[in-house]
Amino acid sequence: MGAYEYENLAPIVSTGLATGLTGTSAVLQGFVNPRGANTQYYFQYGTTTAYGFTSSYTDAGAGKSSKSVNCSITGLGSATFYHYRIAARNMNFTTHGSDRTFTTDLVSVYVNKNDETCGGKTPCYTTIQTAIDAAGSGSAVKVAVG
């Protein structure tokens, strides 16, 4: 009599699109349904399906309906192919979304020996060596006309 019944279900997740792509960042999208249990979500990402990187854990609440979530990630390699997926966990279960992919943009830096305008393109440097030093792996160094 008066027994309390509690049903703890695994969260439901769905990996969404990667948006806001730049040469070094992306916004990963997804959906989480906590199914009534306190739930946290996070994203796994990396250059293979072994991922290797995990975003911070974010509270998804304990609702019973699916909600849209996202996470901004930075420090990515320029012009690099990445795998990612969403994951969610509650007290008893961890659920992973399907694997998706994106490729970061190519980061370009510009050089103009006369000034730092480069025709309005940025970032702009006055020496090729300064541009090379500032460019990350996979970047292209372009010299402006003149």
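This is a predicted model: local features need pLDDT of at least 70, side-chain atom pairs count only at pLDDT 80 or more; totals for chains, interfaces and linings use all residues.
Next, find the disulfide. The structure holds one, and it joins cysteine 118 to cysteine 124, with the sulfur atoms 2.0 Å apart. Select both residues: each of the two is buried. Look along the S-S bond, where the angle is 65 degrees and the link is right-handed.

Now turn to the largest nonpolar core, which has 17 residues. Select Leu28, Val32, Tyr41, Ile73, Leu76, Ile86 and Phe102, the residues with the most contacts inside this core. Then colour strand 2 (26-33), strand 3 (39-46), strand 6 (67-73) and strand 7 (81-89), each of which supplies at least two residues of the core. Strand 7 gives the most, with four residues.

Which residues does leucine 76 touch, leaving aside its neighbours within four places in sequence? The contacts are Gly23, Thr24, Ser25, Ala26, Tyr45, Tyr82, Phe102 and Thr104.

Last, go to asparagine 90, in the loop between strand 7 and strand 8 (94-96). Is asparagine 90 buried or exposed? Asparagine 90 is buried, with a relative accessible area of 10%. Show its side chain, which reaches the backbone oxygen of leucine 9 at 2.7 Å and the backbone nitrogen of phenylalanine 93 at 2.8 Å. Leaving aside neighbours within four places in sequence, asparagine 90 is in contact with Asn8, Leu9, Ala10, Pro11, Ala37, Asn38 and Thr39.

Note on methods:
Residues are numbered from 1 along each chain as its sequence is written. Side-chain values use heavy atoms; hydrogens and water are left out. A nonpolar core is a set of buried Ala, Val, Leu, Ile, Met, Phe, Trp, Tyr and Cys residues joined through side-chain atoms within 4.5 Å. Buried means under 20% relative accessible area, exposed over 50%, partly exposed in between (1.4 Å probe, protein chains only). Contact means heavy atoms within 4.5 Å. A polar contact is a pair of N or O atoms within 3.5 Å; within protein, one must be able to donate a hydrogen and the other to accept it, and residues adjacent in sequence count only if both atoms are side-chain atoms. A disulfide is a pair of cysteine sulfur atoms within 2.5 Å.
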